[in-house]
Amino acid sequence: MARGDDSPPARRSNDKFDDAISQPQISSEPSSSTLDLEKQIARRDHEDDKKQLEDDHSTTDTETGSDNENDDNITSHSQPNNVETAKPLNRIISRVLSHTSHITHKSTGPPPPPPDGGLPAWTAVACSHLIIMNTWGFINSWAMFQSHYLNSSPALAPHNTQSAIAWIGSIQIFLLFFIGTLTGRLTDAGYFKEIYTLGAIFQIVGIFTTSVAFEAGYWQLFLAQGVCVGIGNGCLFCPTMANVSTYFQKKRALAIAIVASGSGTGGLIFPSMMRQLVPMVGFAWAVRAMGFIVLFNLVVGGLFMKRREGLGKGRGIKGWGDVVDWAAWNELEYTFYAAGTWFIFLGLYFGLYYLSTFSRDVIGLSFEDSLNLLLVCNGMGIPARLIVNHAADKVGILNMFIPAGILAGATVLAWMDVKSVTGMYVWAAAYGAGAGALQSLFPAGLTTLTTDIRKTGVRMGMIFTLNSFATLIGPPIAGAIISASGGSYLGAQGFAGASMLLGTVLLVGARFVKGRKIAQQAGGEKSWIAVKV
């Protein structure tokens, strides 16, 4: 049998075996289609893989030759000689597997460093700003809904109490954070667009059904604005923040600040629309007009926001080990950070939720004037986010987070002594700046505690889910305290302020642990106090 120089030697025929077999024998010569396939595979090999493929080819030939020498000693029970047909195919499979393994190794290696700029990165920032406007901008405007439902929605009776209405807003934030673990892991696995589309559908359906649900009853409103919008927010927020953080490293805090300032943008636009449109067209059409703004933002984000190239597509979810990074809890800085932010979020939204009702019940402002306070509060959050995050890029995120937590907590306690309209405007401006700083530094701080950017989504989602319970119970607890105190806000103000200060103390623990690790890695040249964290 004629073969090329690199082919294995022909197998010697076994006379006894050939005589015993009556059916026609398969030719030991490889078919022309097999040889053509082998040539096609060889032509497709890259130039830089030729040497590796030649080594694999020679190894295969050597092993085949060894097998043939052993076959010389096989008895009459040996395999028929048509096994030769598989030998060229074995070489083809060896080449393909070697080439595939080489490619897989390249694709599953460490991802390239973040570009820290460029058109795709800043496009993602701009689109994410619009998405945060849809989610947190709507949530930060909840005070206008709280005030309207308490005073102008008789269909909600007997549930039109401070605590009952607060549950609708709380379930929005709860779901936004709670499903963050799952959506964050799916984002890491490469399903960003699918999660985004699902969130957009839920958000739009929830907002437009809210426009009619408030006249149907409390539970219809709870399902529409609380549950449906909340699920949409959860599918949009965590994946959006995780996606943006993969584009930046040195400028990450600034990029996240620009994204997070979308909550301030929404906090200005939505209350302004409510104030102008409710007297003109009514509450239902005012909410629908907001829905069209949200729809526009979602379309723009869906068209132009892309997942960063080069990260690959992670494996699918097979169990909780794929959804939760349990090893993260072994890192004390991560655990302290989770506990600290939990207590901060327990009290953070009390001011944003009850600002309008306090100004109407205690200060005596009208509904329209109470919305002006909300505009001041949300407006001050925009420059505060940009300033503190720009400074955080210079001095460290935790180094800015801790003083911001102290100032915000102290501001809530100072609310106890506000008695005038002027004092309310000053307080609203101060609290808006502090709350905005905390909201924007929170996700940025999470990214600094994650060294592998491929785990950003799941680690961010874990703390989001934990903090969801704080945001769920915080405002209703405050509302229950107000009701139990006969309408006095003092107990609720003390509860919220103390919670935020306690959380800040725990952040100091995270700063201490992380600072010591960085100082030790640097060889002890700096103390843990002086390092950038």
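**Cavities and helix contacts in close-up**

**View 1. The second largest cavity.** Helices α16 (367-395) and α18 each supply at least two residues of its lining; helices are DSSP runs of H or I with at least four residues, numbered from the N terminus. This is a predicted model, in which local features need pLDDT of at least 70 and side-chain atom pairs pLDDT 80 or more, while totals for chains, interfaces and linings use all residues. Residues are numbered from 1 along each chain as its sequence is written, and side-chain values use heavy atoms, without hydrogens or water. A cavity is a set of points on a 1 Å grid over the protein atoms alone where a 1.4 Å probe fits but cannot get out, and lining residues have an atom within 4 Å of a point. This one holds about 40 Å³ of space, counted as the space filled by probe spheres set on the points. You will find Asn-140, Gly-264 and Leu-352 in its lining, together with Cys-377, Asn-378, Gly-381, Arg-385, Gly-432, Ala-435, Gly-436 and Gln-439. The lining divides into 3 nonpolar, 7 polar and 1 charged residues, with Gly counted as polar.

**View 2. The largest cavity.** A search of the whole structure gives 3 cavities of 30 Å³ or more, and the largest has a volume of about 120 Å³. Among its 14 lining residues, Trp-136, Phe-237, Ala-260, Gln-439 and Ser-440 are the closest to its centre. At least two lining residues come from each of α5 (119-140), α10 (218-245), α15 (332-363) and α18 (421-448). The most come from α18, with 4 residues. By class, this lining has 10 nonpolar, 3 polar and 1 charged residues.

**View 3. Helices α9 and α13 side by side.** The axes of α9 (residues 192-213) and α13 (residues 283-304) come within 8 Å and cross at roughly 170 degrees. The two helices are therefore roughly antiparallel to each other, a label for angles over 145 degrees. From α9 the contact (heavy atoms within 4.5 Å) includes Lys-193, Tyr-196, Ala-200 and Phe-208. On α13, look for Arg-288, Phe-292, Leu-295 and Gly-302 among the partners. The residues of this contact divide into 12 nonpolar, 7 polar and 2 charged.

**View 4. Where α16 meets α17.** The axes of α16 and α17 (residues 397-414) come within 7 Å and cross at roughly 135 degrees. These helices are therefore oblique to each other. Val-388, Ala-391, Ala-392 and Val-395 of α16 meet Ile-397, Asn-399 and Met-400 of α17. This contact has 6 nonpolar residues, 1 polar and no charged.

**View 5. Helix α20 from end to end.** At 1.5 Å a residue, the 32 residues of α20 (residues 490-521) should span 46 Å, and its end C-alpha atoms are 47 Å apart, which agrees. After α20 comes Gly-523, with a positive phi near 85 degrees.

Methods:
1 Å grid on protein atoms, 1.4 Å probe; cavity = no way out; pocket = protein on both sides within 12 Å on 5 of 7 lines; lining within 4 Å. Expected span 1.5 Å × (residues − 1). Axes fitted to C-alpha atoms, helices over the stretch in contact; angles between N-to-C directions. Parallel < 35°, antiparallel > 145°, perpendicular 65-115°, else oblique.
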